[in-house]
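Dear colleague,

Please find below the structure I am handing over to you, together with its sequence.

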Amino acid sequence: MVQLNNTWDELLADEFRKEYYLRIREFLKSEYRNPAFPVYPPMNDIFNALKITDYNAVKAVILGQDPYHGPGQAHGLCFSVPQGIAPPPSLVNIFKEYHDDLGYPIPKSGDLTPWAEHGVLLLNTVLSVRGGQAASHKGAGWEIFTDRVITLLNEREKPIVFLLWGRFAKDKSALITNPAHRILTAAHPSPLSAHYGFFGCRHFSKTNELLADDPVDWRLD
């Protein structure tokens with residue numbers, strides 16, 4: 001049984017017993033054992049977003065699609081890479097907007113763990129991937145699980161800001177119906193789309209304007 005060691009354990013207990021999730025477990029066992037390809041992130045990092053950011057601590061949510069599929073990149077937080085790994089192009093663009101919006105220096109590390117520790121849930125909608133094969137675990141059942149996570153957040157009374165970058169993330173807005181929460185949308189930070197509405201979106205400062213009583217500490221260095 002998965003142990004997140006916070007409020008998520010109680011909220012997701014029934015989810016981890018459902019048939020679709022048990023199928024995900026069996027699928028992952030097979031995938032991680034397959035010598036033909038690696039699977040990312042490391043198995044113990046799959047749920048890092050939920051382990052680090054407790055349900056009651058969430059101030060903002062950034063939705064990613066699936067983990068990075070290059071060696072050493074994925075560690076369970078969307079758009080983030082561990083210390084010592086070069087930031088991928090989408091994260092480079094995120095840092096450009098971060099600098100232009102807030103005036104903070106471009107971070108030396110691509111590790112976004114401090115954001116997670118300060119209430120930003122960095123959630124991919126699919127939590128695993130084959131190495132070198134983007135979206136290879138799409139449709140394996142993770143979308144049901146992460147939709148449930150979003151639905152549980154939607155039920156919370158304390159306001160949350162949802163940052164939805166790109167079409168796949170914007171599609172999740174249908175799950176966010178509680179008027180207590182706010183949705184910010186923009187193009188995906190990928191080099192293919194960042195110039196079509198991600199750059200200049202000012203989502204970091206706008207999030208804090210919406211969370212005026214309890215803003216996010218976005219500093220990374």
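Two strands are said to pair if DSSP finds at least two bridges between them. Please note that the model is predicted.

Strand β2, residues 60–64, pairs with two other strands. With strand β5 (residues 161–165) it is joined in the parallel sense over 3 bridges. With strand β3 (residues 120–124) it also runs parallel, and here there are 5 bridges; among them, A60 has V120 as its partner in β3.

Strand β2 is mostly covered, with 5 of its 5 residues buried. Both of its faces are covered: A60, I62 and G64 lie buried on one side, and V61 and L63 on the other.

As regards the protein as a whole, it contains 8 helices and 6 strands, which follow one another along the sequence as α-α-β-α-β-α-α-β-β-α-β-α-β-α. The radius of gyration is 17 Å, which agrees with the value near 17 Å for a compact globule, because the protein has 221 residues. The C-alpha trace spans about 45 × 40 × 30 Å along its principal axes.

Of the 221 residues, 52% are buried. The accessible surface amounts to about 10300 Å², and carbon and sulfur atoms account for 51% of it. Among contacts between residues at least 6 apart in sequence, 65% join residues at least 24 apart. Finally, the protein carries 22 positive and 25 negative charges, whose mean positions are 3 Å apart.

With kind regards

How values were computed: Residues numbered from 1 in each chain as written. Predicted model: local features only at pLDDT ≥ 70, side-chain atom pairs only at ≥ 80, totals over all residues. Heavy atoms only, no water. Helix = DSSP H or I, 4+ residues; strand = E, 2+ residues; numbered from the N terminus. Rg over C-alpha atoms; globule rule 2.2 N^0.38 Å. Buried < 20%, exposed > 50% of the residue type's maximum accessible area, 1.4 Å probe, protein only. Contact = heavy atoms within 4.5 Å. Areas by Shrake-Rupley, 256 points an atom, 1.4 Å probe, with all protein chains shown as cover. Lys, Arg positive; Asp, Glu negative; His and termini not counted. Charge placed at Lys NZ, Arg CZ, Asp CG, Glu CD.
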